[in-house]
Amino acid sequence: ALRGALDRDELVLHYQPLMSADGRLVGAEALVRWRHPEFGLLLPGRFIPIAEESGLIIPMGEWILFDACAQMQQWRTEKLGLQRMAVNLSALQIQRGDIVNLVRRALDHTGLPANCLELEITEGYILQETERAVETLQQLRDLGVSIAIDDFGTGYSSLSYLHRLPIDRLK
């Protein structure tokens, strides 16, 4: 069923507010949900592992990135004052795809300035492939996007190792 979910428009993005330290709304994080025809609205924990295992996360991730960038650009046009859109990247997207070109295409296609996009990468991926991750993250930062480490502290990284990473924020 997941194989056709994207083609049948069953995937939808919900947006979680991103707040500043002083309580101002500064952006949103794109979160995918699956409107399953039989089981209703499914949270990512129910289908993302399947998407990762099957490789479906590659086209799904591309759709999420393009849709989230388009939404952020629409909000910018409406002058809502939001500064950034956060999008989670799968380790598989980075390993198997050309993530730098994908991000560049999404920004070009939607007209979204790179500084309005924040990409979230899990700490686990960085720990698995440190050298490759650092190179890829630097290329993404060179585009002008910001990088956040998601789920920081759930792995085995040390604070002293952070200085090697081209990152902007820890989550």
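**Questions on a predicted protein model**

From the N terminus on, the elements of the protein run α-β-β-β-α-α-β-α-α-β-α-α-β-β. This is a predicted model, in which local features need pLDDT of at least 70 and side-chain atom pairs count only at pLDDT 80 or more, while totals for chains, interfaces and linings use all residues. Residues are numbered from 1 along each chain as its sequence is written, and side-chain values use heavy atoms, with hydrogens and water left out.

User: How many helices and strands does the protein have?
Analyst: Helices (H or I, at least four residues) and strands (E, at least two) are DSSP runs, numbered from the N terminus. Counted in this way, the protein has seven helices and seven strands.

User: What share of the residues of the protein count as buried?
Analyst: Buried means under 20% relative accessible area, exposed means over 50%, and partly exposed lies in between, with a 1.4 Å probe and protein chains only. Of the 171 residues of the protein, the share that counts as buried is 49%.

User: Which residue forms an aromatic pair with Tyr15?
Analyst: Rings of Phe, Tyr and Trp (its six-membered ring) pair if their centres lie within 6.5 Å, and planes under 30 degrees apart count as stacked, over 60 as edge-to-face and the rest as tilted. By this rule the protein has two aromatic pairs. In one of them, which is edge-to-face with 5.1 Å centre to centre and 75° between the planes, the partner of Tyr15 is Trp75.

User: Is Trp75 buried or exposed?
Analyst: Trp75 lies in helix H3 (residues 57-77), 60 residues apart from Tyr15 in strand E1 (residues 11-19). Tyr15 is partly exposed at a relative accessible area of 26%. Trp75, with a relative accessible area of 16%, is buried.

User: What is the relative accessible area of Phe47, which pairs with Trp34?
Analyst: Trp34 and Phe47 form an edge-to-face pair, 5.7 Å centre to centre with 80° between the planes. Because Trp34 lies in strand E2 (residues 25-36) and Phe47 in helix H2 (residues 44-54), the pair ties together parts that are 13 residues apart in sequence. Trp34 is buried at 6%, and Phe47 is buried with a relative accessible area of 0%.

User: Which side chain is joined to that of Glu118 by a polar contact?
Analyst: Glu118 is found in strand E5 (residues 117-122) and is buried, with a relative accessible area of 2%. A polar contact is a pair of N or O atoms within 3.5 Å; within protein, one must be able to donate a hydrogen and the other to accept it, and residues adjacent in sequence count only if both atoms are side-chain atoms. At 2.6 Å, the side chain joined to Glu118 is that of Arg169.
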